[in-house]
Amino acid sequence: MLTIAILEDNPVHTKRLKSLLSSFLKQDYSLFEFQDSDSFLTFLKKKDTIFDIAFMDIELKGSTGMEAADQASLHYPGMQIIFISQYLKYVSPVYDTRHTYFIYKPELDTYLKPALDKALRAIDRGNKYVLDISWNREIFHIFQRDILYMERTLRTTNIYTTTGCYHTSKKLTELLPLLSDSFVICQRSFVVNLEHLSSYTDSHLILSNGRDIPVSRSHLSAVKEKLNELMLDP
């Protein structure tokens, strides 16, 4: 089931969006409504709910939808963010923020379905990549999109995700062929998911959760090559 958030302070626009969603979406979904970005971000911090799609009005009380999107993406980079606005002045500024689609409110009837289709394709791609591991005779299925990084310590590989940490005896070199193209070895003991990359230098990768991962000289060229591939990937 999809989980959808609507950040909109105008009840008329919220009602219209909900009506269109019920027409276009053929699968089950749960819907949460927020009238300001602060309540949305507070909800994310206190609840276990992870939203698949968030519709965000750009002008909201407390902070803009773009600011809320930036903060939400730090914790849930897999969330598909669709900006909606009645002001075309935001068409260019939204590209400073990760998002899936921008819809001009007067054209909502026309562009909501293409925006949903694009978001659902991205969600489907993310759901296909699942890493299966075992630990203490228990099997775990981990969405690769949720993995931040892996660290090899002695005979254990620790897999750090957005929701917790898992363990496996498999080596990094055994796990890497099972992972999507966004993963790269950056140092003998570390594999990083570049989808969660916030910033980087020639010696360090900074992840969305603030974790600083070292890059060794022997792996620097491979990291740069992978970064270039991801930047060129449409």
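Reader: Which residue in β10 does Asn158 stand opposite?

Author: This is a predicted model, and in it Asn158 stands opposite His167 of β10. As a general idea, the strands of a sheet pair through hydrogen bonds of the backbone, and the pairing can be parallel or antiparallel. Here strand β9 (residues 156–161) and strand β10 (residues 165–168) are paired in the antiparallel sense, with four bridges, and the two strands form a hairpin that has three residues between them.

Reader: Where would I look for the parallel kind of pairing, and in what order do the strands of that sheet come?

Author: Look at the open sheet made of five strands, whose order is β2-β1-β3-β4-β5 and whose pairing is parallel. The strands β2 (29–34) and β5 (101–104) stand at the edges; each has a single partner strand, and therefore one side of each is left without a neighbour in the sheet. On average, neighbouring strands of this sheet are turned by 20 degrees against each other, if direction is ignored.

Reader: How many bridges join β4 to β5?

Author: Strand β4 (residues 80–85) is joined to β5 by four bridges, and the two run parallel.

Reader: How many cavities of 30 Å³ or more does the structure hold, and what lines the largest cavity?

Author: The general idea is that a probe the size of a water molecule, rolled over the atoms, shows where empty space is left. In this structure there is one cavity of 30 Å³ or more, and about 40 Å³ of space lies in the largest cavity. The residues that line the largest cavity are Glu8, His13, Arg16, Ile84, Lys105 and Leu108; sorted by class, this lining has two nonpolar, one polar and three charged residues.

Reader: What is the phi of Asn136, and how should I read that value?

Author: In general, most residues other than glycine have a negative phi. Asn136, although it is not a glycine, has a positive phi of about 55 degrees, and its place is in the loop between β6 (130–135) and β7 (138–143). Leu154, which is not a glycine either, also has a positive phi of about 55 degrees, and Leu154 lies in the loop between β8 (147–153) and β9.

Reader: Is Leu154 buried or exposed?

Author: The cut-off to keep in mind is that exposed means over 50% relative accessible area. Leu154 has 81% relative accessibility, so it counts as exposed, and Asn136, at 66%, counts as exposed because of that cut-off too.

Reader: Where does Asn193 lie, and which residues is it in contact with?

Author: Asn193 lies in strand β12 (residues 190–193), and with a relative accessible area of 1% it is buried, since buried means under 20%. Leaving aside neighbours within four places in sequence, the contacts of Asn193 include Gln144, Arg145 and Ser182. Ser182 has its place in the loop between α5 (172–175) and β11 (183–187), and is likewise buried, with a relative accessible area of 6%.

Methods:
Residues are numbered from 1 along each chain as its sequence is written. This is a predicted model: local features need pLDDT of at least 70, side-chain atom pairs count only at pLDDT 80 or more; totals for chains, interfaces and linings use all residues. Side-chain values use heavy atoms; hydrogens and water are left out. Two strands pair if DSSP finds at least two bridges between them. Axes are lines fitted to C-alpha atoms, for helices over the stretch in contact, and angles run from 0 to 180 degrees between N-to-C directions. On a 1 Å grid over the protein atoms alone, a cavity is a set of points where a 1.4 Å probe fits but cannot get out, and a pocket is an open set with protein on both sides within 12 Å along at least five of seven lines; lining residues have an atom within 4 Å of a point. Grid points are joined across faces, edges and corners, and a volume is the space filled by probe spheres set on the points. Ala, Val, Leu, Ile, Met, Phe, Trp, Tyr, Cys and Pro count as nonpolar, Asp, Glu, Lys and Arg as charged, and the others, Gly among them, as polar. Buried means under 20% relative accessible area, exposed over 50%, partly exposed in between (1.4 Å probe, protein chains only). Contact means heavy atoms within 4.5 Å.
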